[in-house]
Amino acid sequence: MTTPTASKRSGAAPVPVVLAGARGHGRWHLANIRRLQDKGIVRLAGVCELTPLTAGELDGLGTPEQSADFGALLDSTGAAIAVICTPIPTHTDLALTAARRGVHLLLEKPPAPSYAEFRRMADGIAAAGVACQIGFQSLGSHAVPAIRELVAKGALGEVVGVGGAGAWARDEAYYRRAPWAGKRRLNGVDVIDGALTNPLAHAVATGLALAGSTRAEDVTGIETELLRANDIESDDTSCVRITTAGSGRVTVAATLCAEHPDEPYVLVHGTSGRITFWYKQDRVLVQRAGHGPEEIEYGRTDLLENLAAHLTDGTELLVTPEATGAFMKVVEAIRQAPDPAQLPADAWQLVPEENRRVVHGVDGLVAAAADTLALYSELGASWALPTASANEVST
């Protein structure tokens with residue numbers, strides 16, 4: 001797979017884009033739009049922010065129109081694409097505001113805080129006939145189809161499951177970055193800002209993709225263990241095991257309280273080998289019987305670039321809403337689960353120089369869960385919920 005830019009290089013006009021939410025993670029989108037604008041692929045036509053961006057923040061992007069009124073901005077700029085990087089509970093309404101105007105979408109993950117809101121968004125977009133790309137950037141990695149091809153050719157024998165591991169660190173300030181940070185609900189509205197649903201959501205979505213189980217109907221059961229060391233509502237140390245229609249299992253373990261933070265990865269387990277995919281680095285390690293280990297680095301197709309190519313020459317979208325249905329079933333299971341259990345005081349410690357909480361031994365547990373497809377409780381974590389009472393949802 002190659003980055004689809006040929007039609008832009010051949011003289012097509014840059015696609016006008018409005019960015020909603022240009023600070024926080026939105027700064028990444030702003031920089032990406034600048035990169036694509038320099039290549040003549042898109043043009044930043046407008047920015048929707050409560051406080052307008054300064055000239056310094058817009059360096060290299062010209063003087064796009066700015067407004068806090070998203071709908072009016074789409075109307076006045078004639079935008080063809082809206083990039084939405086706003087608080088999770090606002091995604092559906094803003095996406096539908098764009099769709100009603102015929103504006104195509106790049107919607108940041110997670111696409112919605114509940115399955116009902118996801119369906120309202122996806123169904124509304126489908127009815128409007130606009131294109132929508134969900135911002136799971138890891139699914140733009142060329143490693144994903146390459147791994148699928150290896151699996152299809154039988155390189156690993158029979159696939160027995162997929163594991164995912166994310167051992168990250170977030171300091172106390174992370175949970176004060178926005179009113180919705182670390183919340184399950186805010187003012188009676190679902191947020192579901194947990195480790196598995198937001199910062200390490202890519203591990204879940206990528207694991208499901210490599211298992212060939214991306215649609216909502218592919219999921220038949222979900223077990224969750226949700227815990228927290230921080231003084232928050234949502235989970236910061238969690239694991240989930242997803243049973244799929246093909247009888248496969250996807251187990252993902254995550255923490256934001258790692259002892260030694262490291263790159264997250266997904267593991268495909270086969271009867272005669274395994275593949276490790278460090279999805280942020282597009283790096284793959286293939287280990288299989290009868291062969292030496294093989295490490296490969298892949299390229300990546302940017303999702304906004306892919307969406308622009310879809311509009312100009314019909315290039316297939318990489319991450320449609322329906323391709324995130326299984327992920328949204330996981331979000332829904334986490335939403336329906338009991339509130340995360342507070343870890344006992346002796347299970348974690350504060351690292352003063354980093355102003356963050358660390359869970360003792362959690363790095364090993366996260367890796368072991370991905371390696372064995374087991375939940376924390378099954379691995380003997382004294383603070384984890386017993387397996388019998390792990391929250392399980394049948395779908």
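Reply: The count comes to 26 salt bridges. A salt bridge here is a side-chain nitrogen of Lys or Arg within 4 Å of a carboxyl oxygen of Asp or Glu. This is a predicted model, where local features need pLDDT of at least 70, side-chain atom pairs count only at pLDDT 80 or more, and totals for chains, interfaces and linings use all residues. Residues are numbered from 1 along each chain as its sequence is written, and side-chain values use heavy atoms, with hydrogens and water left out.

Start with Arg23 and Glu49. Their side chains meet in a salt bridge, at 3.9 Å from N to O. Arg23 sits in the loop between strand 1 (15-20) and helix 2, and Glu49 in the loop between strand 2 (42-48) and strand 3 (65-67), so the pair ties together parts that are 26 residues apart in sequence. Helices (H or I, at least four residues) and strands (E, at least two) are DSSP runs, numbered from the N terminus. Arg23 counts as partly exposed, at 24% relative accessibility. Glu49 counts as buried, at 17%. The cut-offs are simple: buried is under 20% relative accessible area, exposed is over 50%, and partly exposed is in between (1.4 Å probe, protein chains only).

Next come Arg101 and Asp75. Their side chains also form a salt bridge, at 2.9 Å from N to O. This pair links distant parts of the chain: Arg101 is in the loop between helix 4 and strand 5 (104-107), Asp75 is in helix 3 (residues 70-77), and they are 26 residues apart. Arg101 is partly exposed, with a relative accessible area of 36%.

Now look further along the chain. Asp371 forms a salt bridge with Arg274, and their closest N and O atoms are 3.0 Å apart. Here too the pair links distant parts of the chain: Asp371 belongs to helix 10 (residues 362-372), Arg274 to strand 14 (residues 273-278), and 97 residues separate them. Asp371 is partly exposed at 37% relative accessibility. Arg274 is partly exposed at 28%.

Salt bridges can also join up. Arg184, Arg185, Asp190, Glu332, Arg335 and Asp339 are linked in a network.

What order do the strands of the open sheet of six take? They run 3-2-1-4-5-6, with parallel pairing. Its edge strands are strand 3 and strand 6 (132-134), and each pairs on one side only. Neighbouring strands of this sheet are turned by 20 degrees against each other on average, direction ignored. Two strands pair if DSSP finds at least two bridges between them. Strand 2 and strand 3 are parallel and share three bridges. Val47 has Gln66 in strand 3 as its bridge partner. Strand 4 (residues 81-84) and strand 5 are parallel as well, joined by four bridges. Ile84 has Leu107 in strand 5 as its partner. Strand 5 is covered on both faces: His104 and Leu106 on one side and Leu105 and Leu107 on the other are all buried.

Finally, the empty space. Rolling a probe the size of a water molecule over the atoms shows where empty space is left. On a 1 Å grid over the protein atoms alone, a cavity is a set of points where a 1.4 Å probe fits but cannot get out; a pocket is an open set with protein on both sides within 12 Å along at least five of seven lines; and lining residues have an atom within 4 Å of a point.

The largest pocket has a volume of about 1,300 Å³. Its lining has 43 residues, of which Gly24, His25, Gly26, Cys85 and Glu108 lie nearest its centre. Helix 2 (26-38) and helix 4 (91-100) each supply at least two lining residues. Helix 2 gives the largest share, five residues.

There is one cavity of 30 Å³ or more. The largest cavity holds about 50 Å³ of space. Among the residues that line the largest cavity are Phe136, Leu139, Ala205 and Phe327. Helix 7 (201-210) and helix 9 (325-336) are the elements that give two or more residues to this lining. Helix 7 gives the most, with three.

Methods: Points joined across faces, edges and corners; volume = space filled by probe spheres on them. Axes fitted to C-alpha atoms, helices over the stretch in contact; angles between N-to-C directions.
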